[in-house]
Amino acid sequence: MGARYPLVLLILLLLNGANAALDPRVPEWLTLDGGPPLVVARGGFSGLFPESTKFAYRFAVEASLPDVVLYCDLQFSKNGVGFCRRELRLENSTLISREYPDRASTYNVNGEDLYGWFSVDFGSNELYSINVIQDDYARSNIFDGILRMWSLGDLVDQIQHPHIWVNVEYDLFYLEHGLSTEDYILGLPEEYSVTYVSSPEVALLKSLSGKLRSKTKLILRFLREDVVEPSTRKTYGELLKDLKSIKAYASGILVHKHQIWPQNKDKYLEPSTSLVKDAHAIGLEVHAYGFANDDPNLSHNYSFDPSAEYLQFIDNSDFSVDGLLTDFSPTASEAVACFAHTKNNSYALPPPGNAKKTRPLIITHNGASGIFSDSTDLAYQQAVKDGADIIDCWVRMSKDGVPFCLGSTDLNCSTTAGNAFAAKSNIVNEIQNKSGIFSFDLSWSEIQTLKPNLIGPFSEERLERNPAAKNAGKLLTLDEFLDYAKSSNVSGILIGIEHAPYLATIGLDVVGAISDALANSGYDKETKQHVLIQSEETPVLAAFKKFPKFKRVLTIEFDIGDVSKPSVVEIKEIANAVKLRRSSATRINGYFLSGFTDALVKRLHDAKMEVYVGVLKNEFMNLAFDYWADPMIEIATDTWSVVADGLVTEFPGTAAAYFKSPCSDVERNLSFIIHPASAGELVKLAAVGLVPPAPPPAPMLQPADILDPPLPLCTSQPQFRTSRCRLAPVAKAKADYTANLAAEG
């Protein structure tokens with residue numbers, strides 16, 4: 001592993017865990033008792049493993065805060081053994097229908113006839129033999145069929161954890177089958193450390209009230225507001241309006257998160273309700289459920305960062321819930337231990353510089369393009385606000401030679417050009433192998449009539465980015481970008497250049513335009529802000545050697561597994577840094593992290609070259625399973641295991657939040673640290689046959705992969721010549737050719 005991450009911290013099973021020492025920070029909380037909110041692991045780490053299994057509970061304990069509460073949805077076998085399983089019908093989360101195809105039944109449950117396989121029709125010995133599967137079909141099935149159903153006794157005996165929450169969803173159903181939940185709970189041995197018992201059925205809670213050990217709290221679980229509670233015949237919406245009556249038999253309530261922070265049909269938050277404050281005023285705890293990192297309906301307010309959602313409920317300056325019931329307890333633990341109460345925190349790992357312990361640079365990818373359309377004024381303003389170190393402008397050229405910032409030469413990618421200029425669509429093989437509407441075919445005045453068009457990479461999977469701002473913002477010329485950067489507090493800018501050889505053939509000198517703009521803005525003499533020039537075209541980088549203050553970054557836009565020594569020499573001649581794809585910095589096999597390209601990064605570092613990695617995106621579909629649908633884990637991995645010098649991201653605010661947290665420093669002696677993922681450990685637990693074959697190793701970078709073909713010959717008409725073409729030999733002898741162009745010829 002990389003030098004930033006000491007080997008002593010590589011704990012095998014626990015990919016991200018807790019340390020023994022206590023965190024010196026003691027923040028004030030707005031919970032009922034003034035302490036930190038509880039993290040409650042629904043079925044253990046059920047966001048990753050099939051719920052309520054050995055792996056799920058063990059990982060929840062190892063990867064979460066020490067006082068994490070393990071949640072068990074109680075179901076009974078016909079002989080009265082309590083098992084942990086969420087759904088009443090077992091066929092959705094087990095292989096029981098395969099084992100016992102003829103033992104399905106139909107029962108009336110709360111007025112609805114349900115057909116399926118029910119635990120009450122099976123003895124405990126039969127249920128112990130049943131293998132389980134992931135009950136959320138959007139999640140990986142790679143652990144299906146290798147884990148068996150667990151009873152509450154298994155959870156107590158094998159995990160030996162002091163905090164267990166038992167939820168009883170269907171007490172009346174079990175009573176109809178001669179099984180008493182009340183008798184079962186009251187008869188639990190002392191070593192069953194049940195600290196919470198919840199149910200949506202009021203009658204059960206009233207019956208248990210006053211009979212349990214003092215350490216066990218009763219919680220009323222609320223269902224949808226229009227659902228009728230069976231014993232009172234009132235809707236849960238009606239019950240919620242009478243909190244005082246609940247106080248008579250329960251210590252708190254468990255409600256869906258949207259009953260605290262409502263969300264409109266467009267997936268934006270509405271003002272919070274007064275529920276938490278009202279409940280706290282009469283001494284009721286409030287716990288919230290419905291949290292999952294991979295929730296496709298996550299509010300746009302959170303920009304696909306699940307930690308931000310937890311913070312909305314525990315660190316909003318008005319109230320804090322008392323517990324978070326979640327499928328991803330490690331991420332909830334991060335929010336409580338690492339990100340709450342840190343807005344004004346002075347701690348932060350410093351960016352690269354003279355400090356001994358530094359962090360990678362936060363480099364934007366077209367500004368904060370995860371929140372606003374790429375390369376717009378709003379995207380850049382958001383990036384600066386969010387704490388980016390380097391903001392980037394990928395320079396495009398209009399037909400009349402105006403350089404401006406945009407993520408792609410094809411205007412279809414992030415503007416409304418397809419509506420207004422469909423007739424301009426054509427194919428330019430030197431640019432891409434599909435049709436497009438290209439910036440060099442439109443004048444700047446035409447481009448100014450376009451609107452930005454924010455399209456996320458996973459929009460077709462319902463993961464839209466900030467649709468309320470889909471067409472917001474305006475495109476900036478290069479001069480406008482430079483002026484804005486100069487007036488901001490960023491530590492530098494990155495200028496990206498693509499397709500310079502082709503642009504030269506049509507009379508557009510992108511390198512000359514950029515050089516002039518930087519010089520006119522004073523960046524050639526700038527000392528406060530760094531200038532990075534990035535391109536995969538080596539002649540372009542060579543042309544900027546005449547600006548010694550600029551750092552040149554070679555883009556390697558294909559996967560590599562290593563770099564040869566001759567290649568390092570070639571890169572060193574024209575670049576100070578290399579930008580790698582994420583898939584070159586880490587090895588991924590079927591969405592599992594299988595390893596790191598340590599030799600590649602080390603060779604580049606040994607040659608005194610920086611390594612930037614990207615592009616990072618927050619959407620959970622962009623993350624390897626080892627990152628637990630949590631973008632913070634990928635940031636931690638790229639920082640401490642890959643040892644990147646810069647992170648290229650579309651969500652700079654997420655990276656900045658990580659580095660502002662004391663938990664980002666794995667060498668600090670805190671109670672909880674956000675550890676990087678441990679490559680190859682998770683896939684070892686997968687079911688045989690479900691892991692895809694390992695892909696062939698990525699090739700080693702060779703000098704031939706680096707050296708571009710020479711720039712095109714200049715035209716015979718001087719008025720159409722640019723500085724980015726090669727003069728014919730005779731003409732060259734007569735011309736005053738600059739040193740860098742001679743090196744490129």
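# Charges and rings in a predicted model

R221 is buried, with a relative accessible area of 13%, because buried here means under 20% relative accessible area (exposed is over 50% and partly exposed in between, with a 1.4 Å probe and protein chains only). Before we go on, a word on the ground rules: this is a predicted model, where local features need pLDDT of at least 70, side-chain atom pairs count only at pLDDT 80 or more, and totals for chains, interfaces and linings use all residues. Residues are numbered from 1 along each chain as its sequence is written, and side-chain values use heavy atoms, with hydrogens and water left out.

Back to R221, which sits in strand β8 (residues 217–221); strands are DSSP runs of E with at least two residues, helices are runs of H or I with at least four, and both are numbered from the N terminus. Leaving aside residues up to four places away in sequence, R221 touches Y71, N167, E169, S199, P200, Y236, L254, Y289 and L325, where contact means heavy atoms within 4.5 Å. With Y71 there is also a side-chain polar contact of 3.3 Å. That term covers a pair of N or O atoms within 3.5 Å; within protein, one must be able to donate a hydrogen and the other to accept it, and residues adjacent in sequence count only if both atoms are side-chain atoms.

Let us turn to charge pairs. Side chains of opposite charge can pair when their charged atoms come close. The structure holds 29 salt bridges, each a side-chain nitrogen of Lys or Arg within 4 Å of a carboxyl oxygen of Asp or Glu. In one of them, E51 meets R85 with the closest N and O atoms 3.5 Å apart. E51 lies in the loop between β1 (38–42) and α1 (54–63) and R85 in the loop between β3 (82–84) and α2 (96–99), so this pair ties together parts that are 34 residues apart in sequence. Both E51 and R85 are buried.

Another salt bridge joins R103 to E126, with 2.6 Å between the closest N and O atoms. Here R103 is in the loop between α2 and β4 (105–109) and E126 in helix α3 (residues 124–128), so parts 23 residues apart in sequence are tied together. R103 counts as partly exposed at 27% relative accessibility, and E126 counts as partly exposed at 21%. R103 also lies over the face of Y100, at 5.0 Å from the ring centre; the criterion is NZ of Lys or CZ of Arg within 6 Å of the ring centre and within 35 degrees of the ring normal.

R139 and D327 form a salt bridge too, their closest N and O atoms being 3.0 Å apart. This pair links distant parts of the chain, 188 residues apart: R139 in the loop between α3 and α4 (152–159), D327 in the loop between β11 (323–326) and α12 (329–339). Through shared partners, salt bridges join R42, D136, R139, D294 and D327 into one network.

Finally, the rings. A search of the whole structure finds 33 aromatic pairs. Rings of Phe, Tyr and Trp (its six-membered ring) pair if their centres lie within 6.5 Å, and planes under 30 degrees apart count as stacked, over 60 as edge-to-face and the rest as tilted. F45 and F49 have ring centres 6.5 Å apart and planes at 85°, so the pair is edge-to-face.
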